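Dear colleague,

I am handing over the structure below, and after it I set out what was found there. Please read the notes alongside the coordinates.

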Amino acid sequence: MRDNQQIKLMFDKIAYRYDILNHILSFGVDKYWRRKAIKLTNISNNSLVLDLACGSGDFSKVILKYEPKFIVGIDVSKVMLGKFKRKLNSLSTIQAIAEAIPLKSNSFTNIIIAFGVRNFYNINKALKNCYDILQFNGKLTILEFQLP
């Protein structure tokens with residue numbers, strides 16, 4: 001099992017090539033998967049979205065087309081958040097781990113996680129945090145290459 005520091009260091013090191021790795025590992029299908037996941041999530045102009053393990057912001061970039069009220073990205077890697085900000089400079093970011101999300105309860109209608117759950121050090125704790133910050137009838141969408 002990896003700890004948070006190992007995960008942070010790993011993503012700090014691969015940040016410069018992260019987007020291309022996702023495209024290669026999925027044979028380019030990751031772009032389609034993101035669009036499909038967002039449609040299933042019912043993002044609208046009333047949505048308050050948390051992009052957890054946001055990486056470089058590819059998921060948030062697609063979500064912006066649906067004009068949600070708010071999007072915030074959270075990631076453990078400061079370097080990845082730098083890429084996110086360069087791509088989507090108008091959006092807010094927070095450096096944090098999924099197991100200790102520093103946000104108020106019942107504050108988001110949607111939480112999206114793309115290719116991040118596999119890197120959580122404690123999936124149960126991370127999912128409990130997601131449940132705590134989702135509004136009643138909120139939606140958690142997880143996109144992964146395989147079942148975590």
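Two strands are taken to pair if DSSP finds at least two bridges between them, and helices (H or I, at least four residues) and strands (E, at least two) are DSSP runs, numbered from the N terminus. This is a predicted model, in which local features need pLDDT of at least 70 and side-chain atom pairs count only at pLDDT 80 or more, while totals for chains, interfaces and linings use all residues. Residues are numbered from 1 along each chain as its sequence is written, and side-chain values use heavy atoms, with hydrogens and water left out.

Strand E1 (residues 48-52) runs parallel to strand E2 (residues 70-75), to which five bridges join it, and within this pairing Asp-51 stands opposite Gly-73. E1 also pairs in the parallel sense with strand E4 (residues 108-114) over four bridges, where Leu-52 has Ile-113 as its bridge partner. Four of the five residues of E1 are buried (under 20% relative accessible area, with a 1.4 Å probe and protein chains only), so the strand is largely enclosed by the rest of the structure.

The structure holds two salt bridges, each defined as a side-chain nitrogen of Lys or Arg within 4 Å of a carboxyl oxygen of Asp or Glu. In one, the closest N and O atoms of Lys-87 and Asp-58 are 2.5 Å apart; Lys-87 lies in helix H5 (residues 78-87) and Asp-58 in helix H4, so this pair ties together parts that are 29 residues apart in sequence. Asp-58 counts as buried, at 15% relative accessibility. In the other, Asp-132 pairs with Lys-128 at 3.0 Å between the closest N and O atoms, and both residues lie in helix H6 (residues 123-133), four residues apart.

Best regards

Conventions: Buried < 20%, exposed > 50% of the residue type's maximum accessible area, 1.4 Å probe, protein only.
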